[in-house]
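Colleague: I'm new to reading protein models. Could you walk me through this one, feature by feature?

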Amino acid sequence: MLSQKTKETLLGPLNVNNPVVVQILGICSALAVTVQLKPALVMGIAVTIIVAMANVIVSLIRNTIPMRVRIIVQLVVVAALVTLVSEILKAFAYDVAMQLSVYLGLIITNCILMGRLEAFAMTNKPWDSFLDGLGNGLGYALILVIVAFVRELFGAGQLLGFQVIPQSFYDFGYENNGMMLMPAMALILVGCVIWAHRAYNDKEAK
Amino acid sequence: MKLNTNSNIYTFVYMTVVVIIVAVLLALANQALKPLQEANIQLDKQKQILGALKVDFANGNPEQIYQELVMDTIRIANPKDAAKDSLEIYRFSIEGDIKYVLPLSGKGLWGGIGGYLALNADKNTIYGVNFNHEGETPGLGAKIVEIEFREKFENKKIFKDNQLVSVAVLKKGKTCAAGEEYQVDAISGATITSAGVSTMLETNLAEYAAFLNDRPAEQVIVEPIKEEEE
């Protein structure tokens, strides 16, 4: 169904080419929205949709863009899409829009978007660009979900807002780790993910 | 002839066209979605007010429940600037009792915070409260919206010896001069948001002073109970 190359375009960013843990892009928002699982999930989905769409649009007009102002054109495309998505969310999913609040607007400044537009969409066909955007968005979402899972579980004893660590644990003296709620802990966790990822892939390579 | 995509004229025209297209697109989207968005904002406001009044709307139509309970809107002149919009106070009838709902707005750590304070007919005892925020830290400051924090305000008082004192949000262990009835515990780890809630209550209640200080006949019934408690 998919050729080897397109498969790599789509699945590469999930593992060997992951935007967060290999290219170290989009770290700032990964720290901000990962205290709980739900905003991390919605953020991951929003970024996936926007990066895929922006990739397609920029790829379609790539031959007409004047080279000197290409970054500005990319930025205009991304900003327009983000504004559009936030307007649509406010009209049809008001609760989610409120939950994401400022982070939604901050997608504009997410380095993954500019990175993919500049590195891939400017030189590739729309379909490949779409797959690349999808793969990178999902790769970003994956790391966000891993970090948010650990932070919400150990920081609040909950997952998606539901209590998962039973009350009996607390009765025995178990306590939630307040450190997990601090942004610094997200950075340490991302570091741990990078470590595990490198260790695994180096072994595979040998 | 092939277009020179790097010429100044081309760049200028290209950018102008791109910006105009995007502007038109966004303006259209905004216009088309505005009625839906405003309906959402209105519905959200009604849900928040119902939350402050502790009315369960999970199994019903919030808009309908709101319309059934609301009596009228009292408007008082804005004490800071009479030319500005008047302040609104909503009067509700809950199980035969009159409740007043006061909209609140203030500042948190990262952005604005707001809420609705529901007072009993004596304009002194807090019946319920609801808070909202633009972007407080999830798991910390954002906890002000949770019931565990909000229910601490119930049955607290805002008047002491006919003086408006508001309710202070204080760190555990600290006590306010007015006494237990006028304070609630802050959220640990969210010092600035908690202080923001405290300041919001104080400044907003002061603005409503003209309304709150006007406590006629009902006060006669309330006073003896208050003395017993003291």
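Colleague: Does Glu181(B) count as buried, partly exposed or exposed, and what is its relative accessibility?

Modeller: Some ground rules to begin with. This is a predicted model, where local features need pLDDT of at least 70, side-chain atom pairs count only at pLDDT 80 or more, and totals for chains, interfaces and linings use all residues. Residues are numbered from 1 along each chain as its sequence is written, chains are lettered from A and ligands numbered from 1 in the order in which they are written, and side-chain values use heavy atoms, with hydrogens and water left out. Now the general idea: buried means under 20% relative accessible area, exposed means over 50%, and partly exposed is in between (1.4 Å probe, protein chains only). Glu181(B) has 27% relative accessibility, so it counts as partly exposed.

Colleague: Which side chain does Glu181(B) meet in a salt bridge?

Modeller: A salt bridge is a side-chain nitrogen of Lys or Arg within 4 Å of a carboxyl oxygen of Asp or Glu. Glu181(B) meets Lys157(B), at 3.8 Å from N to O. Lys157(B) is buried, with a relative accessible area of 8%.

Colleague: How many salt bridges are there over all chains?

Modeller: The search finds 6 over the whole structure. One of them joins Arg75(B) and Glu88(B), with the closest N and O atoms 2.5 Å apart. Arg75(B) sits in strand β1 of chain B and Glu88(B) in strand β2 of chain B, so this pair ties together parts 13 residues apart in sequence. By the way, helices (H or I, at least four residues) and strands (E, at least two) are DSSP runs, numbered from the N terminus. Arg75(B) is exposed at 53%, while Glu88(B) is partly exposed at 25%.

Colleague: How do I read a helix? Which residues of α2(B) are buried?

Modeller: An α-helix has 3.6 residues a turn, so residues three or four places apart point the same way. In α2 of chain B (residues 62–69), the buried ones are Pro62(B), Ile65(B), Tyr66(B) and Leu69(B). Look down the axis of α2(B) and those buried residues fall within an arc of 100 degrees (taken from the directions from the helix axis to the C-beta atoms), so they line one face of the helix. They pack against α1 (8–52), β1 (70–76) and β2 (87–94) of chain B.

Colleague: And strands? How many bridges join β4(B) to β5(B)?

Modeller: Two strands pair if DSSP finds at least two bridges between them. Here 7 bridges join β4 (residues 112–119) of chain B to β5(B), and the strands run antiparallel. Ile113(B) stands opposite His133(B) in β5(B). The two strands form a hairpin with 6 residues between them, and Lys123(B) in the turn has a positive phi of about 55 degrees. Of the 8 residues of β5(B) (residues 126–133), 6 are buried, so the strand is largely enclosed by the rest of the structure.

Colleague: Last one: how much area do chain A and chain B bury between them?

Modeller: Buried area is the accessible area (1.4 Å probe) that two parts lose on being put together, summed over both. Chain A and chain B bury about 2300 Å², 66% of it on carbon and sulfur atoms. Arg68(A), Glu87(A) and Tyr94(A) lose the most area in chain A, together 23% of what that side buries. The count of salt bridges between the two chains is 0.

Definitions and conventions:
Contact means heavy atoms within 4.5 Å.
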